[in-house]
Amino acid sequence: MLVTGASRGIGRAIATAFAEGGDRVAIHHRDSAQLAEELRDSLPGDGHTVVRADLADPDDVRAMVDGAAERLGGLDVLVNNAGVYTPHPITDTSYEQWQHEWRRTLDTNLLGPANACWCAVRHMRERGGGRIINVSSRGAFRGEPGQPAYGASKAGLNAMGQSLAVALGPYGIAVATVAPGYVATDMTNDHLKSARGDEIRAQSPFNRVARPEEIAAAVHWLASPAAEWASGTVIDLNGASYLRT
Ligand code: NAD
């Protein structure tokens, strides 16, 4: 299995869950070779490998997928986890910065996974099936002033997953999406430490945000044989946030 953005955060927890379940893992990183190699060496089991790519570069993506398949002896599972988020509120962002944020966000969060799917499907068809799991976000469903491109990229991921689930079912490839609410990682660290952090935690009746391992457990289940029927779904993992009237 290949998981993108696996050197830290949710991706790291996903790599760990699959290795603990007996899978061999291709750990993708962009510029964190040392962290990725340390993770590879610490995971249970043998045969894990490290692959590098800038997901905004289609050639890099192809080399990443083909390299992972070659070293693992085929590819059964792709988890499109890596993503970027930088606040870009329309009222406070220059036109040049606006262009930059939209391009970077869509290239990384939407076109990167789309290209990885294209490449992975070739390998999955060779082995007669597979699983693709995309990591979307609450941002696909809910508005925040700072995340128009981010929300659009994640809503696009949801739509892509549904379309690919229909296209790839006949080939034994199931495609599903998880859409976490706030998770305690480097991406949200500053936000959760700010005054808004208490409000975010209070949105859930558990008065906390998710742990990366809780998202990883759902992703791991989606790759299991029993979860083929979850193909085409978007699982909203929010700890009952946003339900109060
Ligand atoms: P993170 O910042 O710790 O991890 C993101 C990873 O993506 C990093 O390893 C980073 O190097 C990689 N990445 C970013 N741009 C890249 C590029 N161009 N090429 C290759 N790799 C790149 O954050 P995280 O919270 O672990 O996020 C993982 C995924 O979960 C993301 O898709 C994010 O949008 C999503 N998500 C996170 C939260 C949250 O609250 N943390 C909530 C919902 C969804």
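Student: What should I know before I start reading?

Tutor: The model is predicted, so local features need pLDDT of at least 70 and side-chain atom pairs count only at pLDDT 80 or more, while totals for chains, interfaces and linings use all residues. Residues are numbered from 1 along each chain as its sequence is written, and side-chain values use heavy atoms, with hydrogens and water left out.

Student: In what order do the strands of the sheet run?

Tutor: Strands of a sheet pair through backbone hydrogen bonds, either parallel or antiparallel. Here seven strands form an open sheet in the order 3-2-1-4-5-6-7, with parallel pairing. Strands are DSSP E runs of at least two residues, helices are H or I runs of at least four, and both are numbered from the N terminus; two strands pair if DSSP finds at least two bridges between them. Strand 3 (49-52) and strand 7 (234-237) stand at the edges with a single partner strand each, so one side of each has no neighbour in the sheet.

Student: How many bridges join strand 4 to strand 5?

Tutor: Four bridges join them, and the two strands run parallel. N80 stands opposite N134 in strand 5.

Student: Which residues have the most contacts inside the largest nonpolar core?

Tutor: In soluble globular proteins, nonpolar side chains tend to be buried together. The largest nonpolar core has 31 residues, and M1, V3, I14, F18, V25, I27 and V79 have the most contacts inside it. Such a core is a set of buried Ala, Val, Leu, Ile, Met, Phe, Trp, Tyr and Cys residues joined through side-chain atoms within 4.5 Å, where buried means under 20% relative accessible area (1.4 Å probe, protein chains only). Helix 1 gives the most to this core, with seven residues.

Student: Where is the largest pocket centred, and how is it lined?

Tutor: Rolling a probe the size of a water molecule over the atoms shows where empty space is left. The largest pocket is lined by 47 residues, of which R8, G83, V84, Y85 and M187 lie nearest its centre. On a 1 Å grid over the protein atoms alone, a pocket is an open set of points where a 1.4 Å probe fits, with protein on both sides within 12 Å along at least five of seven lines, and lining residues have an atom within 4 Å of a point. Helix 4 supplies the largest share of this lining, four residues.

Student: Which residues lie nearest the centre of the second largest pocket?

Tutor: They are R208, V209, A210, N238 and G239, from a lining of 16 residues.

Definitions and conventions:
Buried means under 20% relative accessible area, exposed over 50%, partly exposed in between (1.4 Å probe, protein chains only).
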